[in-house]
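Q: I have the sequence and the model open side by side. Can we walk through it together, starting with the parts to be careful about?

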Amino acid sequence: MNVVFAVKQYVSKMIEDSGPGMKVLLMDKETTGIVSMVYTQSEILQKEVYLFERIDSQNREIMKHLKAICFLRPTKENVDYLIQELRRPKYSIYFIYFSNVISKSDVKSLAEADEQEVVAEVQEFYGDYIAVNPHLFSLNILGCCQGRNWGPAQLSRTTQGLTALLLSLKKCPMIRYQLSSEAAKRLAECVKQVITKEYELFEFRRTEVPPLLLILDRCDDAITPLLNQWTYQAMVHELLGINNNRIDLSRVPGISKDLREVVLSAENDEFYANNMYLNFAEIGSNIKNLMEDFQKKKPKEQQKLESIADMKAFVENYPQFKKMSGTVSKHVTVVGELSRLVSERNLLEVSEVEQELACQNDHSSALQNVKRLLQNPKVTEFDAARLVMLYALHYERHSSNSLPGLMMDLRNKGVSEKYRKLVSAVVEYGGKRVRGSDLFSPKDAVAITKQFLKGLKGVENVYTQHQPFLHETLDHLIKGKLKENVYPYLGPSTLRDRPQDIIVFIIGGATYEEALTVYNLNRTTPGVRIVLGGTTVHNTKSFLEEVLASGLHSRSRESSQVPSRSASRR
Amino acid sequence: MASLDDPGEVREGFLCPLCLKNLQSFYQLQSHYEEEHSGEDRDVKGQIKSLVQKAKKAKNRLLKREGDDRAESGTQGYESFSYGGVDPYMWEPQELGAVRSHLSDFKKHRAARIDHYVVEVNKLIIRLEKLTAFDRTNTESAKIRAIEKSVVPWVNDQDVPFCPDCGNKFSIRNRRHHCRLCGSIMCKKCMELISLPFANKLTSASKDSLSTHTSPSQSPNSVHGSRRGSISSVSSVSSVLDEKDDDRIRCCTHCKDTLLKREQQIDEKEHTPDIVKLYEKLRLCMEKVDQKAPEYIRMAASLNAGETTYSLEHASDLRVEVQKVYELIDALSKKILTLGLNQDPPPHPNTLRLQRMIRYSATLFVQEKLLGLMSLPTREQFEELKKKRKQEMERKKILERQVVLESQQRFEERRSDLASRAANGEVVSLRGGPAPLRKAEGWLPLSGSPGQSEDSDPLLQQIHNITSFIRQAKAAGRTDEVRTLQENLRQLQDEYDQQQTEKAIELSRRQAEEEDLQREQLQRLCEREWEREREQFRAASLHTRTRSLDFREIRPFQLEPGREPRTHLAYALDLGSSSVQSSVAAETPAPSSALEPARVWSGPPALGQEFFPQSMISQQNELASLNPFDEEDPSSPTAEGTISPPAAECSFGPSVSILKEYNPFEEEEEEAVAGNPFTNPDSPAPNPFDDEDEHPHQRPSSPPVSGNPFEEATCTNPFEMDSDSGPEGEEPIEEELLLQQIDNIKAYIFDAKQCGRLDEVEVLTENLRELKRTLAKQKGGTD
């Protein structure tokens, strides 16, 4: 079930199959991202892959002494590029791997282009998704829905990604979806269709309990992507943005040249692997230790390594030292920037109110706090807007809802029109009328008791009290209590036992907070393995873009949305 | 390192259920249990509690270490049993995902197409051959024309009123021309010409491919080479006609294109670029290293341990050989890097990139492998090593006998002691109790370690001095002196033992005090924490609050603080006993056995919440294991063992102090305050790391000695002997060290140059020169 390992295995197999000799890896834009998530350059160099080229790059030289490994998505453009490549081959021999199902006719036209017989292999290797962590994958699609329904291109890409994931993990699942979302139903049907069509591919060894694919919609929980995060990975994404493990630090004041872009990959950065799920305070102390270690090992250059002993220490630590100095400066920079942003944007206070809005039901106190923060000049317009969004989502139907007043405050604060419009758009996107389940008030006795106890005990950590809604959904699913009238099965058969291997996919994007939730569920629940996926992995900014892209702008367009919504709600 | 502390290690035998200490016999276990754990509450509840703790410790260990494990061993498939679930990083690796091959389909379609293409090419070449087979210059043009017409039927003039390529109308001015290869018609502008040499090249290549049976290089599964050859063979037999036009053959653009493509193929087949030749050599060298290096490392390790399985000459030959290969790799990759740099026009940027990458990967390869190449002992050293090994074997035998005797004795002794001691509730002294016994066990090794000049305890120093005196006296044959010295030594020993016992008692008393202190502090801190939590959230930062998350974890700690130090001590003892065992059990100590207790022991404080002691230990261990000198010295586990406990020790401090922490970057002072009572009392040497820093040249095998009770444990390890090469052994090792140093520095210079860090290169060369000077001096001295 490890998605990183699955993709890595595919890539290793390709390289192995091509035998010894100098190799070039020929990729397209998307597969470049896919491969770079699982392999580092030095790792792949050791396997004699010395060049990485884009299939669409015109400036490639003829190098007949190289073998070419082509790893491409089976798109029309790629097939065309490949046909041209084969007509006038630049490399001695071609090993072609498509990341998904390719049509027979495309194979035929490729074969006809291969007049010089340079192709030695044509295969489908289903590494068609971005493997972020062992239990987290993404498709890097931003803005997957128009209104409440799929854009056709996005639907087909998502279907491909999801079926490729199933194939790479060798799972032929039962499918459940969120009834309240039309998009979820469509996707479920498309996936099922592919499984039926390619039934030969999906013939795996039957497990006792069949795996389960659960398809959810972001609309059901618009709260989670609006919150500030305090665990390392999530926080970095929220404040700096992670794109295929890369972080752009070029806007950091006074950044040195080689740190403009850094890579945070749990695969080869031990510190990151150990700390990505810890909260900011813990990271702080761990960074400090890392720095102390580093200083201890760092040769004192002023002393010019006087004694043999000094030198020995230096030389012995040298390779590690080199590696470590990179790690240290990287993490110190990142954490330093995070803490700068936290104090500059007054995020501690903001986050506390956010959490109150998300987790508690005290309207008057929440309103008071939001109002207070809106007066604070240190709070940015972005944060101000998101506080109002959270308020609007939570107290949408509250009897003394004072959203108009808050909107006025926003205007007075000088928050731009774009953000003010987004407040209503977010409510439109994830408000009460579209949600299939209740985000805020607990439904069953257990949950009520839990909340009651929580109230008694006091909150353990004000900043991390929020649990994504996904936690509850998965908890119910694992216990076999997930209601079939809310999350029905696709098709007649249902799961009688409790599920063991679960793949959750969130249309409209997952978040790193949810990834952490799934990580913890994996660790705490015996016999259950859960993989989380999303059309993308969101932070607040990208989530707002997603909302914007869905076109649910303002109340004026609401009327046009009514039919589709009523259809989805049934 | 992965093997050193593999948490999956299964311990079996007579394990104490409470502290997991391994005891050798049932009787020993029984006595151990009665002695060690009689003071603890023996009700079931207590046992369960401690078991739970153990599980927690194990869990903690696994969780915190998942990082290094992954880094070390990539796909280790064990599962963590944390909380019952499995960390996604530890999911067992699955098999390769689904694949589907389209190759057979592809080949089918291609074959159809290729047949068509190849036939076309061959047809052209056969015709070309016919057209060039006769002596064109000496044949009259009418006859040439007849022959040309016989090769391919010409298209009728009347059928083609316009040039099919450019569309111009044919007239008397714009005359029709026929392609001699396919018979089609075009105008003069669109006509191409084939020169005779070009034609010859094409036709002769086809014949070659037949005669040598080499298939074209482009694809391994290609059949068209031979296919084409077989047809061309027909052509070569045919047509022995002669005719004349000029020395060129007219043809259409299409035919010319096809022929040009074919020419390109021929060129590529015959041409192997320099880079390929060099690269093949490079790979060959790398393979050789992969073959030879492990063999050499095995040899060197065995020789350095004083074994006689391999001959020294053979090993040093091999070393030279491997080093030569490295040089060759370096040279070859450098050559690849500079290929074509002086050419005009300069090579394509991609070519340069390729060359750079090859060089880079070769550098990586050399760096990685060369560093693992340990040096060999010199001849004299080797003799010494052999001798030492012999002695050691004998000693081991004696020791084994002793241990058996000892255990029986101890059993008896404790039985009688037990009743009275337990009655007094004198747990404290009991814990200190085993120390003298152990001392007696480890008598021999301890006395034989004059190399430990860093002893901080004057008594110990004295003991060492005397032992070396004894040895000298023995060597000199003065038996009476030996006797007095030995008497002296015994007295000292007794004195020391007594001191140690006292210290142990003192220690446990302090421990009890500390517990109180700790509890108090915790309480205070908690209170403060809650205060802050409620009232001044503006002033307080995130850090304090997030900490509060951990309170629950700490509380169990607080509830049973009495248990903690006890296990702590138990582990300290455990450390000793297990290293003794390992020495008895195997002839080369399994390093894990020595390290393991330390590891386990570092668990409880870490449980508090702090990551950092753990990471520090692992860092430190990594450092130690990287140290090439460890490899020379089989007793290194002792060093590692002693490094770890104090490291874990300090962590008692942080786990308390961390609670106060406002900002992680400001925690020093608090840590110092809170950490003090824990780090200091039992270890006069303040910090083992500092110690390391101050005396990095001190060989890692000699443990940082202190009045620390752990000290005894390490001393009892008979492998200590190994490092005690005596004063005269000191210098050759220094020399060897130097040699290796020089090797290493050379490698770094090479690397630094590679990366263009000139300042580093300078420093390094400076160092190298210095080293060489020292070496020369020393050589002069020993000679």
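Q: What is the mean pLDDT of chain A?

A: The mean for chain A is 85, and 87% of its residues reach 70 or more. This is a predicted model, in which local features need pLDDT of at least 70 and side-chain atom pairs count only at pLDDT 80 or more, while totals for chains, interfaces and linings use all residues. Residues are numbered from 1 along each chain as its sequence is written, chains are lettered from A and ligands numbered from 1 in the order in which they are written, and side-chain values use heavy atoms, with hydrogens and water left out.

Q: OK, on to strands. Is β11 of chain A buried or exposed?

A: Strand β11 (residues 212-217) of chain A is mostly covered, with six of its six residues buried; helices (H or I, at least four residues) and strands (E, at least two) are DSSP runs numbered from the N terminus, and buried means under 20% relative accessible area, exposed over 50% and partly exposed in between, with a 1.4 Å probe and protein chains only. In a regular strand the side chains alternate between the two faces of the sheet. In β11(A), A:Leu212, A:Leu214 and A:Leu216 are buried on one side, and A:Leu213, A:Ile215 and A:Asp217 are buried on the other.

Q: Which strands does β11(A) pair with?

A: Strand β10 (residues 174-177) of chain A pairs with β11(A) in the parallel sense over four bridges, where pairing requires that DSSP find at least two bridges between two strands. A:Tyr177 stands opposite A:Ile215. From β10(A) the chain passes through helix α7 (residues 182-197) of chain A to reach β11(A), and this β-α-β crossover is left-handed; a crossover is right-handed if, with the strands pointing away from the viewer, the path from the first strand over the helix to the second runs clockwise. Strand β15 (residues 501-507) of chain A is also parallel to β11(A), joined to it by six bridges, and A:Leu216 has A:Ile506 as its bridge partner there.

Q: Which residues have the most contacts inside the largest nonpolar core?

A: They are A:Ile215 and A:Ile507, in a core of 132 residues; a nonpolar core is a set of buried Ala, Val, Leu, Ile, Met, Phe, Trp, Tyr and Cys residues joined through side-chain atoms within 4.5 Å. Helix α1 (residues 3-17) of chain A gives the most to this core, with eight residues. Not counting residues up to four places away in sequence, A:Ile507 touches several residues, including A:Trp150, A:Leu187, A:Ile215 and A:Thr535. Apart from that core lies another, of 61 residues, among them B:Met286, B:Val289, B:Leu312 and B:Val322.

Q: Switching topic: how many salt bridges are there over all chains?

A: The search of the whole structure finds 44, a salt bridge being a side-chain nitrogen of Lys or Arg within 4 Å of a carboxyl oxygen of Asp or Glu. One of them links A:Arg73 and A:Glu30, with the closest N and O atoms 3.7 Å apart. A:Arg73 lies in the loop between β3 (63-72) and α4 (76-87) of chain A and A:Glu30 in helix α2 (residues 29-38) of chain A, so the pair ties together parts that are 43 residues apart in sequence.

Q: What about a pair within one helix?

A: A:Glu344 and A:Arg340 form a salt bridge at 2.7 Å, N to O, and they sit four residues apart in helix α11 (residues 308-344) of chain A, about one helical turn. A:Glu344 is partly exposed at 42%, and A:Arg340 is partly exposed at 29%.

Notes
pLDDT = per-residue confidence, 0-100. Contact = heavy atoms within 4.5 Å.
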